[in-house]
Amino acid sequence: MARKVEATNNVEPADEDAGAAALPSEQVDALDADEAEFRALRRDLPGVKGASATGIVAMPVGKTPAKNEFFRTHREFGRSYRSLIWKSAWSDSSSR
Amino acid sequence: MERQFFAVTSDMVENLHGIGISVTEHVLYLTVTSRGAIRIVPVRQANADGDQNEYHRTKEIGLVQAIDEWVRLYTDQENRCYKVFTAPAGRFSEPQWPELKEAKIFGLAFRDKGRLVDSAEHPLFKKWAARDSD
């Protein structure tokens, strides 16, 4: 996995710098911030095809872990507090 | 129609009750499958009398057991509960968790999807209160 991540991070398209140089500095800074945020969000999972390139931009919530899948539970997340939850029947098209 | 979970701020509980919506306490569990799918699973807690639905109670048992080992939940329809099947030791490698703070994960799961009811101006609250044409 380490070799794979290193190779991915070292890949830089030849024209990337040229494109960035043509942008105003404030836009370059914004792009750098986006990239930093993305790298913080992105996690490469070993042996998980496809998931490594997506990053985490959404967090599904469901009544059970994926059906018929083996899973693990995070040791600390959420266990120190309770949340007030309202469970509602609502179509995706109607929700915000 | 799809069942969805909405988190509610404490100060909105009374407002929701006023329009006939009740909220219940849940503990949130963060899970990851052996294929890397991450999901938050809210588990409804016991009511004021200490009663907890058997499905919820046994699901929580499985979620807690999964802190230390890979498990799979399946339903026992005869007894109306979940049962836990444990994977053989060493079958899967250790889970990889996202390096995100709880607040960020909570935000991704609820606030960013419009599923944090934190004011009477929330679109869903307004819809339930028939104020959505304001």
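Modeller: In helix α3 of chain B, the residues B:Ile105, B:Phe106, B:Leu108 and B:Ala109 are buried. A residue is called buried if 20 or more other C-beta atoms lie within 10 Å of its own, exposed if 12 or fewer do, and partly exposed in between, the C-beta atoms being placed from the backbone. Viewed along the axis of α3(B), the buried residues lie within an arc of 160 degrees, so they line one face of the helix; the arc is that of the directions from the helix axis to the C-beta atoms. Helices (H or I, at least four residues) and strands (E, at least two) are DSSP runs, numbered from the N terminus.

This is a predicted model, in which local features need pLDDT of at least 70 and side-chain atom pairs count only at pLDDT 80 or more, whereas totals for chains, interfaces and linings use all residues. Residues are numbered from 1 along each chain as its sequence is written, while chains are lettered from A and ligands numbered from 1 in the order in which they are written.

The buried residues of α3(B) pack against β2 and β3 of chain B. Two residues are in contact if their C-beta atoms, placed from the backbone, lie within 7 Å.

A nonpolar core is a set of buried Ala, Val, Leu, Ile, Met, Phe, Trp, Tyr and Cys residues joined through C-beta atoms within 7 Å. The largest has 34 residues, of which A:Met59, B:Phe6, B:Val8, B:Ile40, B:Ala109 and B:Val117 touch the most other members. At least two residues of this core come from each of β2 (83-90) of chain A and, in chain B, β1 (2-8), β2 (24-33), β3 (38-44), β4 (71-76), α3 (102-109) and α4 (123-128).

The contact between the chains involves 59 residues of chain B and 39 residues of chain A. On the side of chain B that touches chain A, two or more residues come from each of β1, α1 (13-18), β2, β3, α2, β4, α3 and α4 of chain B. The strand β2(B) gives the most to that side, with 10 residues. By class, this side of chain B has 38 nonpolar, 12 polar and nine charged residues; Ala, Val, Leu, Ile, Met, Phe, Trp, Tyr, Cys and Pro count as nonpolar, Asp, Glu, Lys and Arg as charged, and the others, Gly among them, as polar.

Strand β1 (residues 71-73) of chain A runs antiparallel to β2(B), with three bridges, and A:Arg72 stands opposite B:Val32. Two strands pair if DSSP finds at least two bridges between them.

Helix α2 (residues 54-65) of chain B holds B:Leu63. This residue counts as buried because 27 C-beta neighbours lie inside 10 Å. Residues up to four places away in sequence aside, B:Leu63 touches A:Thr73 of the other chain and B:Tyr29, B:Val41 and B:Val43 of its own.

Within chain B, β4(B) and strand β5 (residues 81-86) pair in the antiparallel sense over six bridges. The bridge partner of B:Thr75 is B:Tyr82, and that of B:Leu73 is B:Val84. Four residues lie between the strands of this hairpin, where B:Arg80 takes a positive phi near 55 degrees.

As a whole, chain B has four helices and six strands, in the order β-α-β-β-α-β-β-α-β-α from the N terminus. The C-alpha atoms of chain B fill a box of roughly 60 × 35 × 25 Å along the principal axes. Buried residues make up 30% of chain B, and 14% of the 96 residues of chain A count as buried.
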